[in-house]
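Dear colleague,

Please find below the structure that I am handing over to you, followed by an account of what was found in it. I would be grateful if you would read the two side by side.

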Amino acid sequence: MLNNQSILLVEDDEKLASLLQDYLSNFNFDVYVVNSGLSAVEKILHTSPTLVILDLMLPGIDGLAVCREVRSQYSGQILMLTASGDDMDQVAALEIGADDFVQKPIQPRVLLARIKNLLRRSQSIENPKQIETTQSTSKEKVFGALWLNNSLQRCKLADELVPLTPSEFSLLWQLAQHAEQVLSREELLKSLRSVEYDGLDRSIDNKIAQIRKKLKDDANRPQGLITVRGKGYMFVPDFW
């Protein structure tokens with residue numbers, strides 16, 4: 001992650017805005033907050049931040065109107081926040097130029113993963129000749145310093161062999177195959193053991209804890225294998 005990348009957070013909920021500003025600032029982002037749609041248009045066009053986090057529902061003019069107003073003049077990334085589960089809102093946001101969206105209530109680690117993904121995508125577009133940090137084949141995957149080989153059932157981190165059990169490797173491989181997607185315990189358990197999740201089985205959670213420990217992913221604040229509360233787990237490729 002590059003330092004001093006700027007994020008403009010457009011959010012009228014001052015408590016949420018403060019919490020997200022503090023959280024994202026811990027990851028070397030310069031985060032600025034505006035609380036209305038009218039202020040957002042001027043701020044975006046004047047400062048041209050690296051990325052805009054734009055709430056859908058805003059006083060003055062809403063997030064869709066802001067996105068429509070600035071999109072032709074602003075070349076950075078726009079990530080929409082929506083409290084609505086209505087697919088039409090999400091489709092409308094994407095059609096007028098938003099790059100991604102996150103549904104409320106917001107889980108900061110998921111938001112961070114989406115931000116990193118958008119910035120990585122932007123950098124790859126701007127620098128098409130740069131060496132890819134993520135490589136994939138049907139048998140081998142490389143994510144930065146993390147190397148996985150499914151044929152050999154081997155994992156290396158910074159060229160050091162990681163002693164994963166066969167079931168731990170299978171779980172990690174399954175998550176890596178679906179990087180940046182949330183996989184539920186049901187999906188993971190069924191793919192690994194072909195059994196239905198009964199709501200009580202904690203084997204997936206225990207294996208995740210062991211994998212994190214072996215991959216040096218802080219258990220108290222994981223960033224590589226993150227927990228999406230109430231939904232499952234997600235593999236973040238650019239952490240490694």
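Phenylalanine 169 has a relative accessibility of 2%, and because the limit for a buried residue is under 20%, phenylalanine 169 counts as buried. Tryptophan 173, at 6% relative accessibility, therefore counts as buried by that limit too. Please bear in mind that the model is predicted.

The buried residues of α6 are Glu168, Phe169, Leu171, Leu172, Trp173, Gln174, Leu175 and Ala176. The length of α6 can also be checked: at 1.5 Å a residue, its 12 residues should span 16 Å, and the end C-alpha atoms are 16 Å apart, so the two values agree.

Tyrosine 23 and phenylalanine 27 are both buried. Phenylalanine 169 and tryptophan 173 form an aromatic pair that is stacked, with centres 6.1 Å apart and 20 degrees between the planes.

Two lysines are placed over tryptophan rings. Lysine 141 lies over the face of tryptophan 173, at 5.5 Å from the ring centre. The charged end of lysine 156 sits over the ring of tryptophan 147, 5.4 Å from the centre of that ring.

Aspartate 55 carries an annotation. The unreviewed UniProt entry gives "modified residue: 4-aspartylphosphate" for Asp55. In the model, aspartate 55 lies in strand β3, which covers residues 51–55. Its relative accessibility is 3%, which is why aspartate 55 counts as buried. Not counting residues up to four places away in sequence, aspartate 55 touches Val10, Glu11, Asp12, Gly63, Leu81 and Lys104.

Two loop residues may also be of interest. Glutamine 223 is found in the loop between α8 (203–214) and β11 (225–228). With a relative accessible area of 24%, glutamine 223 is partly exposed. Leaving aside neighbours within four places in sequence, glutamine 223 is in contact with Phe27, Lys116, Asp217, Val236 and Phe239. Glutamine 223 and valine 110 are 113 residues apart in sequence, while their C-alpha atoms are 9.6 Å apart in space.

Arginine 229 is placed in the loop between β11 and β12 (232–235). Its relative accessible area is 71%, so arginine 229 is exposed. Between arginine 229 and glutamine 107 there are 7.9 Å in space, C-alpha to C-alpha, and the two are 122 residues apart in sequence.

Finally, some totals for the protein chain. The chain has eight helices and 12 strands. Of its 240 residues, 44% count as buried. Among contacts with a separation of 6 or more, 56% are between residues 24 or more positions apart. The accessible surface of the chain comes to about 12,800 Å², and 48% of this surface belongs to carbon and sulfur atoms.

With kind regards

Technical notes:
Residues are numbered from 1 along each chain as its sequence is written. This is a predicted model: local features need pLDDT of at least 70, side-chain atom pairs count only at pLDDT 80 or more; totals for chains, interfaces and linings use all residues. Side-chain values use heavy atoms; hydrogens and water are left out. Buried means under 20% relative accessible area, exposed over 50%, partly exposed in between (1.4 Å probe, protein chains only). Rings of Phe, Tyr and Trp (its six-membered ring) pair if their centres lie within 6.5 Å; planes under 30 degrees apart count as stacked, over 60 as edge-to-face and the rest as tilted. A charge sits over a ring if NZ of Lys or CZ of Arg is within 6 Å of the ring centre and within 35 degrees of the ring normal. UniProt positions are given in the numbering used here, feature names are shortened, and annotations may be inferred rather than shown by experiment. Helices (H or I, at least four residues) and strands (E, at least two) are DSSP runs, numbered from the N terminus. Contact means heavy atoms within 4.5 Å. The expected span of a helix is 1.5 Å times one less than its number of residues. Accessible areas come from the Shrake-Rupley method with a 1.4 Å probe; for residues, only the protein chains shown count as cover.
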